[in-house]
Amino acid sequence: MYILDNGQLTAQVSKDPFELVSLKKGNKEYVYQKDNVWKKSWPICFPITGKLINNQYRYNGQTYSMNGHGFFRSITNWEVVEYSSTILTVRYESTDEIQDQYPFKFILYVTYELVGNKLLNKVNIVNSGSEKLPYNFGWHPAFICDDHLGKVIFDRPQTLTHVPLDNFLTADSPTENINEIFLDKYDFSKSQCYALFNQSTDHILVVDPNRVIKIRTTGYPNVVIWKCNDEAKFICVEPWDGHQDVVNYENTPLDEKPWINLLRKNDNQEYLLEVEIAK
């Protein structure tokens, strides 16, 4: 376990699997502690966000299989680049272990840093191969939130898309214009999700009587709101550069799907997730 502590916040990052599992201010926990059916807390979504139809994609005439959100839930051989009381940076370079799922060369740097009452979560994706790197990227943090009194507040009105139960997008998915989600007013009974596509928020708040968490969403085109069922006492607010597969694009090669990013040889792309503990 890696432990960070700056005197205001304390964070814990597990090694196997590698993900943030605790964020505390004093004795108050803010990260979901896996007390429901979902057994994750803050996974990395790469090289896809969401699910592929039939868990498959096509590339260069071949079919590859990949589960939802990619394979980083099972990656354990991270190299520590920097580790102190307030910052942890690790590095992963693609190896043969994932070539049957994703035949590309890349390097991923992931950083967790405590600054005041904020957690800064950074990633740097590097294309170390000889061809364009097709990818999506996102965070999947789960925050403790009362299932009856909790809500998610957008800093300005947004178009909320109700994603179908199979989690694949269609042209006629229902939408509404709102600026907050009351958790007990929305149906999560079958692990549904709700999404802001082409969103324009600067930040999103997760609020219940005991906690206020401010999540900065600038730089991410999409944000997904999800939990595993209605009774779960957490909510995931997931900034994504990408989204789920789309019906009618099942057989479109991965690098030709309109929402897939293409990173040029030797280029890199950085992302920042800023989480402020306001209460």
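What follows is a short tour of ring pairs, charges over rings and a single threonine.

Keep in mind that this is a predicted model. A pair of aromatic rings is described by the distance of the centres and the angle of the planes. By the pairing rule used here, the count is 25 aromatic pairs. Take tyrosine 2 and tyrosine 83: their ring centres are 5.3 Å apart and the planes meet at 85°, so this pair is edge-to-face. The two are 81 residues apart and link distant parts of the chain, with tyrosine 2 in strand 1 and tyrosine 83 in strand 8. Tyrosine 2 counts as buried because its relative accessibility is 11%, while tyrosine 83, at 42%, counts as partly exposed.

Next, look at tryptophan 38 and tryptophan 226, whose centres lie 5.0 Å apart with planes at 75°, so they too are edge-to-face. Here tryptophan 38 sits in the loop between strand 4 and strand 5, tryptophan 226 belongs to strand 20, and 188 residues separate them. Both tryptophan 38 and tryptophan 226 are buried.

Some rings gather into a group: one aromatic cluster includes Phe18, Phe46, Trp78 and Tyr135. Lysine 15 lies over the face of tyrosine 2, 4.9 Å from the ring centre, and arginine 211 lies over the face of tyrosine 30 at 5.7 Å.

Finally, find threonine 111 in strand 10. Is threonine 111 buried or exposed? Its relative accessibility is 10%, so threonine 111 counts as buried. Its side chain makes a polar contact with the side chain of threonine 89 at 2.8 Å. Beyond its sequence neighbours within four places, threonine 111 also has contacts that include Ile87, Leu120 and Lys122.

Methods: Residues numbered from 1 in each chain as written. Predicted model: local features only at pLDDT ≥ 70, side-chain atom pairs only at ≥ 80, totals over all residues. Heavy atoms only, no water. Helix = DSSP H or I, 4+ residues; strand = E, 2+ residues; numbered from the N terminus. Buried < 20%, exposed > 50% of the residue type's maximum accessible area, 1.4 Å probe, protein only. Polar contact = N/O pair within 3.5 Å; in protein donor to acceptor, adjacent residues only side chain to side chain. Contact = heavy atoms within 4.5 Å. Phe/Tyr/Trp six-rings, centres within 6.5 Å; stacked < 30°, edge-to-face > 60°. Lys NZ or Arg CZ within 6 Å of the ring centre and 35° of its normal.
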